[in-house]
Amino acid sequence: MLPNFAYVRPSTLVDAVKELAKPGAAAHAGGTDLIGCLRDGVFDTKSVVSLTALKELHGVSATPDGGLRIGALTTLAEIARHPEIAKLYPALAQGAASAASPQLRNQGTLGGNICQRPRCWYFRGDFDCARKNGEFCYAENGENRYHAIFGGETCHIVHPSDTAPALVALEAVATVAGPNGKRKVPLGKFFVLPAVDHKRENVLAKGEILTEVVLPKAPEGARGGYRKMRVRGVWDFALAGLAYSVVVKGGKVERARLVLSGVAPIPWRVAEAEKVLTGKALDAATVKAAVEAAVAGAKPLAENAYKIDLVRAVVEEVLTAIPK
Amino acid sequence: MVELYWLQGAVPETTKPSPEMPPWKETAVVGKRVPRVDGYDRVSGSAVYPRDILLPDMLHAAILRCPHAHAKVKKIDVSAAEKMPGVRAILTAQSPGADIPWFPRRDKPSTSIFDQHLRCEGDEVAAVAADTLLQAQDALKAIKVQYEELPFVLSVEEALKEGAPVLHEGGNRVAPPAVYERGDLKKGLSEADAVVERTYTTACEIHVPMEVHGSVAKWDGNRLTVWDSTQGVFAVHETVAEALKIPMANVRVIGHYMGGGFGSKLECGKYTIIAALLAKVTARPVKLFLTREETFTMTGNRPPNKMSVRLGAKKDGTLTAIEFLSTGTGGAYPASATTSFMATDLYLCPNVKSSDENVFTNAGRARPFRAPGFPQCAWALEQAMDELAARLGMDPVELRLKNIPKTSQRRGNQPYTSTGLADCLREGAKAFGWNEARARKKPDGPVKKGFGVAASLWGYAGGPPSTVIVKLFSDGSVNLNMGAADIGTGTKTFMSMIVSEELGVPLEKIQIEHADTGTTQYTAPSGGSKTVPSDGPAARAAAWEVKKKLLALAAEEMKLPVEELMLSGAEIVSTKDSTKKLAVKAVKGLERQQVLVGVGTRGPNPEGKIVTPFAVHFAEVEVDERTGEVRVTRLVAAQDSGRPMNRLTYDCQVFGGLVMGIGLARTEERVLDRQTGKMVNANWHDYKIPTALDVPVDQKVVAVDPGDTECNATGAKGIGEPATIATAAAIANAVADAVGVRVVDSPITPIRMSQLFRERQKKG
């Protein structure tokens, strides 16, 4: 049940940062993740700091160098139906459209989708797991069908976001505001593996918030998308997925970005597979090599080896469908 | 007999039914598509559900539940909680009057309402009533409990191991395995040209009705009124009176509206008794509704089952042997986990053996779950039939048609009053385009189409007792008084249609009083597809009696023999001379009396015969052979439930049944943590009920009406359960048809399919 908490709704970014720096403060944007966390008592909350009055966090606009700036409070529904995003950054549009359910997409924001807490049922449930204050990861020897096959060490969560893999693939840059002003963090460096710190999922320090995401100019001729596999047709997180952005020129792959969802504690970029592809024609042998590179190093737990098959399948499916 | 334990013993002597009513021929109202009479109230918010009840001075209550799979309460300290703001009462096992045996209406093993031996996560430890719900919930957190954690068992295999932790005195077997045999199984198997053998499992499914379970309790002196979200006010009535040791006459249970029930609301919950106790000690009305999280662990499930099936048949498809061995667990307290019935009765077969084993485990207790045991049985039996057809090189529809019984072999070989099984197979196949579909050339590409069929029967079709009262007022309007709850199935609508059919009164002139033990008459809870075949005939009998009284009055006034008169709409007309007529409102006898009352009771079922609904479902699926993603793209349900009462809600029932079947087949599964015994997916995200995108747009219902004139006075056999029994099996068979992989364990997820594809690859 919901705990007692104070609610504040600052009207400036400076005030918001100040409020968020206080002990027990939690940021509220769309609330679709926060309210569940409060209800389940996932973390102690003394105050809920609503960001919804911060006008500068809203909206989508063009950047001078041909890219796009998306405010953190832009809803997933707005992103999914934004014509320019759909045209130039289809991986992001498809990621946003595949998240959650229509109601949740109307309410949930891009910033929230990137910063949401993991869905691991031990983390969310009545278990004192390592990511909370406990000693160990229950998933290690427990019910781990939905857990990580890459990058899990002290904690085996998977990152739940459907938009973050696309943003990593698109080489987006996040703007972070905090007590010491603003800083820029590429999405590829925004997320934190359990080996670094198993109590948080990203680089945001106390009092910091993600204010916007800036997409660089889309490379000419890039093919992109997001393919998500799940148990249910909608309102479900990824069993595994692939966000991609690939440029083929003169019959050869000029540039490839492949980022997996649902398989690791962070959006999982498969750089080895990208390397295999770069400079090659997208023939069957290259695709096969990329598939193998994508799953190399996977360390499945007792119940999630199937994710290796899903990764193989999705990489093959996506690469095969790209016009040579 | 099929094990419907919530109905057992609920068939006492009833008064004689009204004189013979001839079966309906052409009907004017019954069988038409009629929107729900309370539809506007439901969608506009004016319908008051138990959860909506607000009474002056009402308190709110919450229950402290055991966080462990198996434990004992060592010490409990409520002193801090008692001092918290708004807290009015706290109940524990030590509270005076709280030592109430549970379940009051059943034999051993008997426990108590706050039992100190906690046998599963969620067992009740204490309860708080406070001014607000949040205060009550805060107080729960302040109650200090010292638990002694005990080792636990989660599966049948673990529970039966030597030295396993024991849940109840007498061991973990609920009862000795129930064995049924006819003929000679060995002989049957030796005579077979083909034998198939395989073990199947179904996952545990959780009840997730839209309205959570709960009650409001209010005392007036020594009289108690309970508003309950229930499928059966009379079941709650009996239990409340017995648990609190007060006369039934002092208890009134009201359940006018309720937000869905699929078997979990057939019985009285502990929460009702706790609400009544708290209301008593505080002298205030108390509202106690469970949270959604509580309902996941504590209000019931379809038990998990493991079923080993062996079928033998001759080359021509004639079955020679059926063996069906089932184990399951109804959880920590007595609850059925039986599945074998349908396997012993659906097909003609002389040599049959079945066995059902049920054990206790440290998990939430099962409840009847839409056709208890039958969808699990279909999952195993109907997949085995499919495999047998393939082995014999026969079409699966043909194999089933080859083995249609005319009698219920399991129930003393008594003939069915009607069986539409063969017609369901034929007409369903036609509507589905079965022959064309199965004859197709498989399309290229990694996404494969497949087509499957599965048949079913349901083991119950209503019976006494049920009493319904119909009153005709002097202005020609009617009051329909019935005990049945409308659990969302359209009960109020079809019952009104039956009255309208008999009396010619339009639906808008019929008002309904129902589901109130203070003002309506006994009927068994709405479950097991019994409401139409049990309460419908009683409604017809009541209307029939009113009509008889009205015609008798009219005959006197018209000076015509009563046999010559008929009721036609708002008039009484002579069948010999249509110019001789009298408006109902002009009948002086009615005006003098102001009201004509008809009391209708449900008569016994036909002697020496068995009433049974049948159904056959057809499924089309697409399976992505690379990812294991499965989509159900088309469903056809051919149902023999006798005469449809309201074709609109009949279809709606079937669509709902198909969706639940998709849940069993594709998405639903309780997951218990092997390390702690706690349920890890006790929420609406991780426990996956099907969404709109998991349900095909293309669903068709074929109503096969065999014209049953013997089953009861309505010709209807019940549609609720037979709408869901065969669905999952048909989907599994379609998956096997698509990719040649037999999925023995539900649900069919990409996880499962990937594993099966991997195994297939290994085998080469």
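This is a predicted model: local features need pLDDT of at least 70, side-chain atom pairs count only at pLDDT 80 or more; totals for chains, interfaces and linings use all residues.
Figure 1. On the side of chain A, A:Trp121, A:Val231 and A:Arg232 supply 19% of the area that chain A buries against chain B, more than any other three residues. In terms of contacts, 37 residues of chain A meet 39 residues of chain B.

**Figure 2. Salt bridges between chain A and chain B****.** The count between the two chains is 10 salt bridges, while the count over all chains comes to 74. In one of the bridges, A:Glu143 pairs with B:Arg674, with the closest N and O atoms 2.7 Å apart. A:Glu143 lies in the loop between helix H8 (121-124) and helix H9 (164-169) of chain A, and B:Arg674 in the loop between helix H16 (647-667) and strand S32 (698-703) of chain B, so the pair joins two chains. A further salt bridge is formed by the side chains of A:Arg227 and B:Asp624, at 3.9 Å from N to O.

**Figure 3. Packing of helix H6 against helix H7 in chain B****.** Helix H6 (residues 233-244) and helix H7 (residues 270-282) of chain B pack at an angle of about 50°, and their axes are 10 Å apart. With that angle, H6(B) is oblique to H7(B). The crossing of the two helices is right-handed. From H6(B), the residues in contact are B:Val236, B:Thr239, B:Val240, B:Ala243 and B:Leu244; from H7(B), they are B:Thr272, B:Ile273, B:Ala276 and B:Leu277. By class, this contact comprises seven nonpolar and two polar residues, with no charged residues.

**Figure 4. Packing of helix H9 against helix H17 in chain B****.** The axes of helix H9 (residues 374-392) and helix H17 (residues 727-739) of chain B come within 8 Å and cross at roughly 35°. H9(B) passes H17(B) in a right-handed crossing. H9(B) contributes B:Ala378, B:Trp379, B:Glu382, B:Gln383 and B:Asp386 to the contact, and H17(B) contributes B:Ala728, B:Ala729, B:Ala732 and B:Asn733. Five nonpolar, two polar and two charged residues make up the contact of H9(B) with H17(B).

**Figure 5. Packing of helix H13 against helix H14 in chain B****.** Helix H13 (residues 491-503) and helix H14 (residues 531-558) of chain B pack at about 30°, with their axes 9 Å apart. The crossing of H13(B) and H14(B) is right-handed. Among the residues in contact are B:Phe494, B:Met495, B:Ile498 and B:Val499 of H13(B), together with B:Ala539, B:Arg540, B:Ala543 and B:Trp544 of H14(B). The contact as a whole has 10 nonpolar, three polar and four charged residues.

Figure 6. B:Trp102 and B:Phe103 are joined by a cis peptide bond, with omega of about 5°. Another cis peptide bond joins B:Pro464 and B:Pro465, with omega of about 0°; B:Pro465 belongs to the loop between strand S22 (447-457) and strand S23 (467-473) of chain B. In chain A, A:Trp235 has phi near 60°, a positive value in a residue other than glycine.

Definitions and conventions: Residues are numbered from 1 along each chain as its sequence is written. Chains are lettered from A and ligands numbered from 1 in the order in which they are written. Side-chain values use heavy atoms; hydrogens and water are left out. Axes are lines fitted to C-alpha atoms, for helices over the stretch in contact, and angles run from 0 to 180 degrees between N-to-C directions. Helices (H or I, at least four residues) and strands (E, at least two) are DSSP runs, numbered from the N terminus. Angles under 35 degrees count as roughly parallel, over 145 as roughly antiparallel, 65 to 115 as roughly perpendicular and the rest as oblique. A crossing is left-handed if the near helix is turned anticlockwise from the far one by less than a right angle, and right-handed if clockwise. Contact means heavy atoms within 4.5 Å. Ala, Val, Leu, Ile, Met, Phe, Trp, Tyr, Cys and Pro count as nonpolar, Asp, Glu, Lys and Arg as charged, and the others, Gly among them, as polar. Buried area is the accessible area (1.4 Å probe) that two parts lose on being put together, summed over both. A salt bridge is a side-chain nitrogen of Lys or Arg within 4 Å of a carboxyl oxygen of Asp or Glu.
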